[in-house]
Amino acid sequence: QQSWVIVCPFLVVAMDTRALASSAAGSGGGVGAAANGGAKPSVVGGLPSAEARRLAADALILSFPNAKFFQLSFHDLFGVQRSKLVPRSALRSVASAGAGFAGFAAHLDISPVDGDLLAIPDASTATPLPWKPEVVWVACDLELFGVPLAHGPRNVARGALERLKAVHGVSLKTGVEAEFFVLQAPENAGSSPLIGDSVLDAQAKPCYDAHALMRKYDFISKMLEYMETLGWKPYQADHEDANGQFEINWEFDDALVSADRHAFFKYMARSVAEAHGFRVTFMPKPFIDKAGSGCHAHISLHDVSTGANVCGDASNSAMHGLSSVALSALSSILEGAPALAALTNPTVNSYKRINCAGTTSGATWSPDAIAWAGNNRTAMVRVPDAPRMELRLADMAVNPYLLSAGIAALVHDGLDRGLAAACPPPSDVNFFDRGSEASAAARARAGRLPRSLRDALDALDDSAAMRRNLGDAFVDSYLKLRRAHWDEYIAELSAWEVQQYLDC
């Protein structure tokens, strides 16, 4: 009953505001315009008019009668959530104009002289905070100088997904496996991260440990309860392969919906953990000797008209039951993996996960070769069962919107070029077995993933597929900020350098 009260009005709002957004976009692009024979959507796509925004705000106010505040939020290029808390009484005026931000204060390619960055709420995302239900969270798209911000992460994802629908008639659906560490609160841990139960959660192979899971029952069960209330259909949670590491899974959906939920999940996990006296981290590799936190993304493509999954071909057993559509997408993902890594593995620390030599448990759970296979967790892309694929590359530092955007860009590229025949055969070997000749040969054929963030950024810079499908403006802005981030890292003096070179 609780789920019905919260979710049902939201679904009505989602239907109405999406229709308004489509009609307001006009020739500027948007899936509604393309479906009616209008202009082909731009890379970014249009945003609703001021009148449409006012109507959407009215719908939000009516749909959430107990809401005192609306938290209008966006994510910058580094995946940091930025928001403003808007009183109910001010929502109509703020939403119609857009919530104003000094964009240069976030990780965006904006200068102090550029004026206000406007956050335009998408009412279809309205989500009451389960731990503070008088506040309704709303994801926003970004506008600058009266047009969509070309490097706004949600703008980029929405544009890429709309183009995929308009040009190829397929929609991308995704589901993510969200891994994270539960740590002691900073005031207890000091300057070094300590797992939440450092005494008892100490097994060498702690994956799926029942006791470690149930010691965090209050936190994990509350997360599952909240996700059920929100209508996400969570279906399992477990203790993962590293001490203090957990994973929660929920049902897949349209890629933009999954990105919104992924973004909200990280916000919710941190908030709920803090309420229980812990700290959650999504850092890819907080402990060098333990498995890192991946963000495995399950991918399927669906016919826009019928909703049917178009990734399966039962007669193609040699390619694990994948259709030509799926193989075209897969071939492009493999070819574009070094560039994709710049988005899916966006931090310096990310490359300590995907280039990990070993862990105390005996498994890294992360790829280092650009290969695909059947139900084989050592490959970069796994096909657990057609008609879906699992991309095991991304880590939990990924910006949820850029994860969807990057996948959509390469899927679009593969379908544009008809790459099914170019897809290499599956490599059904154990890539973690360093002593195996078969594994070594398969790794040599496949090629390596980038060894560092700098290498991945260079690959993104050179990627025609990413530039064509995400836009030069986005790629150049992302590279500008991430290369500056890399330069900050290079300028640091590490303890390792002092230890190695003090007496050289």
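This is a predicted model: local features need pLDDT of at least 70, side-chain atom pairs count only at pLDDT 80 or more; totals for chains, interfaces and linings use all residues.
A crossing of two helices is left-handed if the near helix is turned anticlockwise from the far one by less than a right angle. I needed that for the first pair below.

**Entry 1: α15 and α17**
The crossing of α15 past α17 is left-handed. I then listed who touches whom: Leu453, Arg454, Leu457, Asp458, Leu460 and Asp461 come from α15, and they meet Val475, Tyr478, Leu479, Arg482, Arg483, His485 and Trp486 of α17.

**Entry 2: α10 and α13**
Next I looked up helix α10 (residues 324-335) and helix α13 (residues 400-417), which pack with axes 7 Å apart and an angle of about 120 degrees. I noted α10 and α13 as oblique to each other, therefore. Here α10 passes α13 in a right-handed crossing. On the α10 side I found Val325, Ser328, Ala329, Ser332, Ile333 and Glu335; these meet Leu410, Val411, Asp413, Gly414, Leu415 and Arg417 in α13.

**Entry 3: Glu240**
Where does Glu240 sit? I found it in the loop between β9 (234-239) and β10 (245-250). Glu240 is buried, yet I found no salt bridge for it. Arg392 is the nearest side chain of opposite charge, 7.7 Å away. What is Glu240 in contact with, leaving aside neighbours within four places in sequence? My list reads Glu179, Pro206, Cys207, Tyr208, Gln245, Phe246 and Glu247.

Note on methods:
Residues are numbered from 1 along each chain as its sequence is written. Side-chain values use heavy atoms; hydrogens and water are left out. Helices (H or I, at least four residues) and strands (E, at least two) are DSSP runs, numbered from the N terminus. Buried means under 20% relative accessible area, exposed over 50%, partly exposed in between (1.4 Å probe, protein chains only). Lys and Arg count as positive and Asp and Glu as negative; His and the chain ends are not counted. A salt bridge is a side-chain nitrogen of Lys or Arg within 4 Å of a carboxyl oxygen of Asp or Glu. Contact means heavy atoms within 4.5 Å. Axes are lines fitted to C-alpha atoms, for helices over the stretch in contact, and angles run from 0 to 180 degrees between N-to-C directions. Angles under 35 degrees count as roughly parallel, over 145 as roughly antiparallel, 65 to 115 as roughly perpendicular and the rest as oblique.
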